[in-house]
Amino acid sequence: MNLPIYMDNAATTRTDPRVVEAMLPSFTETYGNPGSRNHAFGWESEKLIDKARAQAASLIGAGPKEIVWTSGATESNNLAIKGAAQMYAKAPAGSEGRGHIITAIIEHKAVLDPCKRLEREGFDVTWLEPGPDGIITAQMVKKAMRDDTILVTIMWANNEVGTINEVPEIGAACRERGIVFHTDATQWVGKMPTDVEKDNIDLLSWSGHKIYGPKGVGALYVRRRRPRVRLQAQMDGGGHERGMRSGTLNVSGIVGFGAACEICEQEMESERERLLALRLKMERELASRMDVVEINGHAERRLPHLTNISFGFVEGESLMMGIKDIACSSGSACTSASLEPSYVLKGLGLGDELAHSSLRLSLGRWTTEEEVDHAIDGIVEAVEHLRRLSPLYDLHKEGIDITTIEWQTH
Ligand code: PMP
């Protein structure tokens, strides 16, 4: 077993060597610009792009012409959210009352921030809050809908806790009311079966580096039929990708993205089962070997490979220091530079302290049972060590409810 152990697959994944293999010829052999329509170098590159489009579309039950290449899920989300809001706005830029958008406080920053920008630009945004199980339900979305609602954007699975929202049901409710529905499916696609038809999706974002493909490449599914969805471009230029995303295509990245999608489609089912068994083992053992261990979010409606666990009476940063040979995350990687407790865990109703003492562990294609066993032992050892130093844990063991203590402040 190699140390450190990688358990941060929700932050990014190792590129599958088969994907790298597929990408290599595009650097030095098939290096033409797929936009070059008048010579063989361009045609050969375009063939690679077409193949990747078919591979990506197949993974989500879409048509190849419904795939728009981007630089990652951040860009896909920006294009979907700002592009749809601007296209379907009910009033011109600069005025109030441009339309209503529904999203949730547990979304990734790459959804929250575009929505906040739209709010400043005259759109009205409803920020839904989940219950303690972390789920955004169709009922919540339906209740928030108004006559002027133009866009709903709800993530499929949450990147910090792994909980799964009621996406097909939310999509159905949007379809009924003629509202455009976008889902940030970055943590979902490639891990769980996806069918944009059955699941009633108009716009769907995903990213290469979360599915064992390269970083810096993503895709946006844009529905073309029943109904056709139109977007305002966010990048002006040569009019690539049917005018929706200008810029010379990242051929190597796109080839890798396509290959990664095909492997996921073939191996998803067995991978899911294997990782689910490992995750359940980890949760079961951590919860049975120690007390005051909370698994955050809904117990069953969750991704197979991701868990988020709070360990009472330990401080998150010290715990991370104590498990240096296990690479994981406290909160999300995007916010771990700051010591602020995770806004997602707080959104689930966790207090600052428990939110601070939480780990996100995400397993992946190369995680072994041996690594899981090592991680369990390492975490138990670190938590027990920190609790031995904790006077509050001593009080807890004596049966004193520390929330009822009246501390003397002078
Ligand atoms: N949305 C979600 C749910 C994510 O987990 C991430 C990656 N942290 C992103 C969007 C951003 O993806 P990318 O890194 O491809 O821009």
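Me: How far apart are the end C-alpha atoms of helix 12?
Reply: Start with what counts as a helix: a DSSP run of H or I with at least four residues, while a strand is a run of E with at least two, both numbered from the N terminus. The expected span is 1.5 Å times one less than the number of residues, so the 20 residues of helix 12 should span 28 Å. The model agrees with that, because the distance between the end C-alpha atoms is 29 Å.

Me: Which residues of helix 12 are buried?
Reply: Keep in mind that this is a predicted model, where local features need pLDDT of at least 70, side-chain atom pairs count only at pLDDT 80 or more, and totals for chains, interfaces and linings use all residues. Residues are numbered from 1 along each chain as its sequence is written, and side-chain values use heavy atoms, with hydrogens and water left out. Buried means under 20% relative accessible area, exposed means over 50%, and partly exposed is in between (1.4 Å probe, protein chains only). By that rule, the buried ones in helix 12 are E371, V372, A375, I376, G378, I379, V380, A382, V383, L386 and R387.

Me: R365 is in the loop between strand 12 and helix 12. Which residue's side chain does the side chain of R365 join in a polar contact of 2.8 Å?
Reply: R365 counts as buried, because its relative accessible area is 10%. Contact means heavy atoms within 4.5 Å, and R365 touches residues including D16, Y212, E267 and R274, not counting those up to four places away in sequence. A polar contact is a pair of N or O atoms within 3.5 Å; within protein, one must be able to donate a hydrogen and the other to accept it, and residues adjacent in sequence count only if both atoms are side-chain atoms. At 2.8 Å, the side chain joined to R365 in this way belongs to E271.

Me: How much of the ligand does the protein bury?
Reply: A polar side-chain atom of T74 lies 2.6 Å from a ligand oxygen, and one of H108 lies 3.2 Å from a ligand nitrogen. K210 has a side-chain N or O atom 2.8 Å from a nitrogen of the ligand. Taken alone, the ligand exposes 400 Å², an area from the Shrake-Rupley method with a 1.4 Å probe (for residues, only the protein chains shown count as cover). The share of it buried by the protein is 87%.

Me: Is I135 buried or exposed?
Reply: I135 lies in the loop between strand 4 and helix 6. Its contacts, leaving aside neighbours within four places in sequence, include P130, M140, H298 and R301. Because its relative accessibility is 2%, I135 counts as buried.

Me: What is omega for the cis peptide bond that joins R226 and P227?
Reply: R226 lies in the loop between strand 8 and helix 8, and is exposed because its relative accessible area is 58%. Phi of R226 is near 45°, a positive value in a residue other than glycine. For the cis bond from R226 to P227, omega is about -10°.
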